[in-house]
Amino acid sequence: DLQWSQSFTPFSLHFLELPTVSHWLLSDIGVFVQALYVRQVPDGLYSGIKANRRPGEEYRRMASLGLLLFTAALIAGLCTAEPQPLKVTTIKQEPYTMTKGSELEGFCMDLLSTLASKLGFKYDVHLVKDGKYGAKDERGNWFGMIGEVVRGEADLVLAPLTLTAVREAAVDMTKPFMQTGISFLMRKDIGSDDSQYLSFLNLFSTEMWMGILVAYLLTSFCIYLVARISPSEWDQPQTEDNHFTLSHSFWYTIGALTLQGAGPHPKALSGRVITAIWWMFSLVVLACYFANLSSWLHLDNKHLSVKSFEDLANQNIIQYGTLKVSSTLAYFKNSNNPTYRQIYENMERQQSYVQSMDEGIRRAQEENYAFIGESVSLDLAVARYCNLMRCPEVISMRGYSIAAPLGFPLVKNLSVAILQLSESGELDYLRSKWWASSCVAENAQASSLKASSLKGVFLLLALGLVLGVAMALMELASKSRSIANSQRKSCCSVLTTELSQRFGRSEEKMSAGTDEKCKA
């Protein structure tokens, strides 16, 4: 009898890089063949084999060996063959999948490339033929991307596909690679917060109000100084009264700011310079305020306080809708919440559905229309179009997942890879890359005016104040020089005396003046 050494295993093909399952199968075949020739048959395996072989049995063993060798070679050939690329279906939607020439790019394409390099598979991507995500028709047949997987036309679905119970029953779905919910967006000029009692103060920013207050205080004080320093305004401080007291200066300035006026007006050139600059400053500030006020009042008449789905359901001015075939529509259709049922019934009655995400965003921009959809996709629209706003309320939190046929062996590995990418921050990086805002911050309604917008007017006022005070000092210096020349005194001493008389208090003169008034 031909006997093989027990140390030799015909199918110990360790030099071949085979998958683990195939290696186990080939090893079992090798053990079986080895047992045939060394007559070491395991219990229960070929129990009819005995030590004494009959004639012709050797040929049957050789035939069995040949069949096993052929089977092993066939399996080895299948295992070592080049694997076929996976067929991946997706849907065109910014920024998940977009066309760039003849190629596709976007968040999903970057994620697919990362997963392929991580798990070592090849793929071919195509857009879904009917442009649908996936739902059942009246006969219970799936269409869209889910339908392609069910019919075997695709191996994977990588798109903003919502994980739902109905889809999970038809296909296998991985762990979500992105969390989202349901919200709605609309134009900023048709939806806003409730008006407040002091909302008219919001027309100017806090910096602007503080700038106006500081300008008012400085201008009033400078008018007070000029009225006391200038000889043209107060020639004889010993005998004349100065009408521009500090309180009157504040009153005069506020009267000019409100375009009412409060006499008497300054007589000196320096005082008139400051007054003219302040009038011009007041005119510009009031013009800006009334312009913002007019815009705010005009837009406030159109505003609705729509901050939730309940507010949306309880009004009849803004039309609203969602995608015709989507998980969002199914959520409102199957909900037991009265508000959500009311929203569904209204959409069904008005047939305010859209066929695509782009159509919903376009209608929200051009019409009195609120588009209901996935919050993540709506955030992208808000980042692209500054005249849109998203409702802060988000309901029905769910996730986007990758779909595959039932029993697909790669689903587990894809879920693990997605979790690893999430933990490493790779998914956050991809989202920040494709959700970057290209929007210039603009508001549909009048925004609060900042002090920096009128910095030229503030600068002009400051120069006018400095010029007025300087002119008043020059007028007083000129008078002091003429007095010094006539009295043959020092100009500095005369100037010091004049300043002390104009800003000092002489109790005797004040009391004398009071007594004269009482006698009169």
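Predicted model: local features only at pLDDT ≥ 70, side-chain atom pairs only at ≥ 80, totals over all residues.

Reader: Is the pair of Y216 and F250 stacked or tilted?

Author: Helices (H or I, at least four residues) and strands (E, at least two) are DSSP runs, numbered from the N terminus. Y216 sits in helix α6 (residues 206-229) and F250 in helix α7 (residues 246-257), so to speak distant parts of the chain, 34 residues apart. Their ring centres are 5.8 Å apart with the planes at 55°, so this pair is tilted.

Reader: Which of those two, Y216 or F250, is buried and which is partly exposed?

Author: Buried means under 20% relative accessible area, exposed over 50%, and partly exposed in between (1.4 Å probe, protein chains only). F250 has a relative accessible area of 25%, so F250 is partly exposed. Y216 comes out at 15%, so Y216 is buried.

Reader: What about F309 and F332: are they buried or exposed?

Author: Their rings form a tilted pair, with centres 5.8 Å apart and planes at 50°. F309 lies in helix α9 (residues 309-313) and F332 in helix α10 (residues 327-334), so the pair ties together parts 23 residues apart in sequence. As for accessibility, both F309 and F332 are buried.

Reader: Which residue has its charged end over the ring of Y369?

Author: A charge sits over a ring if NZ of Lys or CZ of Arg is within 6 Å of the ring centre and within 35 degrees of the ring normal. W435 has R431 over its face, at 5.6 Å from the ring centre. For Y369, the charged end is 4.1 Å from the ring centre, and it belongs to R363.

Reader: Which residue forms a salt bridge with R363?

Author: A salt bridge is a side-chain nitrogen of Lys or Arg within 4 Å of a carboxyl oxygen of Asp or Glu. R363 has 12% relative accessibility, so R363 counts as buried. The closest N and O atoms are 3.2 Å apart, and the partner is E367.

Reader: How many residues apart are R384 and E94?

Author: Their side chains meet in a salt bridge (3.4 Å, N to O). R384 is in helix α13 (residues 375-384), while E94 is in the loop between β1 (86-90) and β2 (98-100). The pair links distant parts of the chain, and the separation is 290 residues.

Reader: How far apart are the closest N and O atoms of R390 and D379?

Author: R390 is in strand β12 (residues 388-390) and D379 in helix α13, 11 residues apart. The closest N and O atoms of their salt bridge are 2.5 Å apart.

How values were computed. Residues numbered from 1 in each chain as written. Heavy atoms only, no water. Phe/Tyr/Trp six-rings, centres within 6.5 Å; stacked < 30°, edge-to-face > 60°.
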